[in-house]
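Welcome! Please take a moment to look at the sequence and the fold below, and then we can walk through them together.

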Amino acid sequence: MKRIGLVLGAGGVVGQAYHAGVLAALEHDWGWDARGADVIVGTSAGSITGSLLRAGIPATELAAWTVKAPLSRQGRRLRRILGTEIPQLEPFRAANLLRPPSLPGRDMLTRAVIRPWRFRPVAAALSLLAPGRLDILEQLAALREVERRAWPERDLWVCAVRRRDGRRVVFGRPGSPAVPLHLAIAASCAVPGYFAPVPIGGDAYLDGGAHSPTNAAILRARSLDLVIVISPMSGPSPRLPTNLTGGVRWHATRMVRREVAALRAAGTPVVVFRPGPDENEAMGNDFMSRERVNTIVQRAFVAAGAYAARSDVGQRLAALGFAR
């Protein structure tokens, strides 16, 4: 059996809609059931999508729930977990990032000096932002349902950032702190400056996207036959940005390229799905908006299907047993 890793990147509400469209296309067009991935890496929104897959929800049902289409019996379990509506969250305002930040503590400074090759200035800067005012555990009702679930038997790696030193922590990976699943997901989704940090075991944790919007390179040592990366925050071109959203997408595109290069250098084939201009236009500038999730799912489904049907990508999938 081929060993496939699935990387689900950050992206807020619109990112989850993008995940649903891409995964539904792979299931519909190629018969690939993402629930069977050997390992799932979830960052922020990707940790929610990954936990739902591990809970047994098919990708096509995730897409159907998002666009309010009829659900199968399996899909009705999703409704019990998430309810009937996508959460209505406050718009993300750049002005929130202008509040006075914290000063770096001893742990962060020590890490920067002793292990500069592992120090991420962007992660450190985001860790120092003034805490957001929203409690993610109150905002996302789905986390209360997940609270009653144990960690899945199959690997689910949830990425977060420890606030005191800006270090990435991968919950669910061997050697990482043992925490309840719902707290790991909450920590991974705690966008700096928007949500309050999530306290776990005496530390506070933030969105794993502060370290990387995808964190794909952590799969280098897994000896996988293929890694499928879905990066909702990436942009269609590497051109320098002109606004905050453009800056976020430029950074995400740059990071995923570096991580894909690291995976390929380790001998692991990679297929990357990232939004094109049409999907970016539908996603807009507010990653927390639910206004156009129907359009995002539809455009992601069509674009992912077309991309996977390209000769180079299709041949790679077919070689691993995918059947179009």
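This is a predicted model: local features need pLDDT of at least 70, side-chain atom pairs count only at pLDDT 80 or more; totals for chains, interfaces and linings use all residues.

Residues are numbered from 1 along each chain as its sequence is written, and side-chain values use heavy atoms, with hydrogens and water left out.

Let us start with the whole. The protein has 13 helices and eight strands; these are DSSP runs, with helices (H or I) of at least four residues and strands (E) of at least two, numbered from the N terminus. Of its 324 residues, 53% are buried. Here buried means under 20% relative accessible area, exposed means over 50%, and partly exposed lies in between, with a 1.4 Å probe and protein chains only. Among contacts between residues at least 6 apart in sequence, 73% join residues at least 24 apart, where contact means heavy atoms within 4.5 Å.

How many of the ten residues of α2 are buried? Ten of the ten are, so α2 is largely enclosed by the rest of the structure. Among these buried residues are A45, G46, L52, L53 and R54.

One partner of α2 is helix α9 (residues 181-189): the two pack at an angle of about 150°, with their axes 7 Å apart. Axes are lines fitted to C-alpha atoms, for helices over the stretch in contact, and angles run from 0 to 180 degrees between N-to-C directions. That angle makes α2 roughly antiparallel to α9, since angles over 145 degrees count as roughly antiparallel, under 35 as roughly parallel, 65 to 115 as roughly perpendicular and the rest as oblique. On the α2 side the contact is made by A45, S47, I48 and S51, and on the α9 side by I185, S188 and C189. By class, this contact has four nonpolar, three polar and no charged residues. In this scheme Ala, Val, Leu, Ile, Met, Phe, Trp, Tyr, Cys and Pro count as nonpolar, Asp, Glu, Lys and Arg as charged, and the others, Gly among them, as polar.

The backbone on either side of α2 is worth a look too. Most residues other than glycine have a negative phi. Just after α2, G56 takes a positive phi of about 100°. Elsewhere, N215 has a positive phi of about 60° although it is not a glycine. N215 sits in the loop between β6 (203-207) and β7 (226-230), and at 0% relative accessibility it counts as buried.

W32 lies in the loop between α1 (12-30) and β2, and counts as buried at 9% relative accessibility. Its C-alpha atom is separated by 8.2 Å from that of A323, 291 residues apart along the chain. Leaving aside neighbours within four places in sequence, W32 is in contact with residues including I4, L6, I228 and F322.

A37 lies in the loop between α1 and β2, and is buried at 1% relative accessibility. With neighbours within four places set aside, A37 is in contact with I4, L6, W32, R54 and R154. A37 and L156 are 119 residues apart in sequence and 9.6 Å apart in space, C-alpha to C-alpha.

Our last stop is an open space. The second largest pocket holds about 780 Å³. A pocket is found on a 1 Å grid over the protein atoms alone, as an open set of points where a 1.4 Å probe fits, with protein on both sides within 12 Å along at least five of seven lines; lining residues have an atom within 4 Å of a point. Of the 29 residues that line this pocket, the closest to its centre are R111, R118, R120, R168 and H211. The elements giving two or more residues to the lining are α5 (106-114), β4 (167-171) and α10 (244-265). By class, the lining has eleven nonpolar, four polar and 14 charged residues.

Key. Grid points are joined across faces, edges and corners, and a volume is the space filled by probe spheres set on the points.
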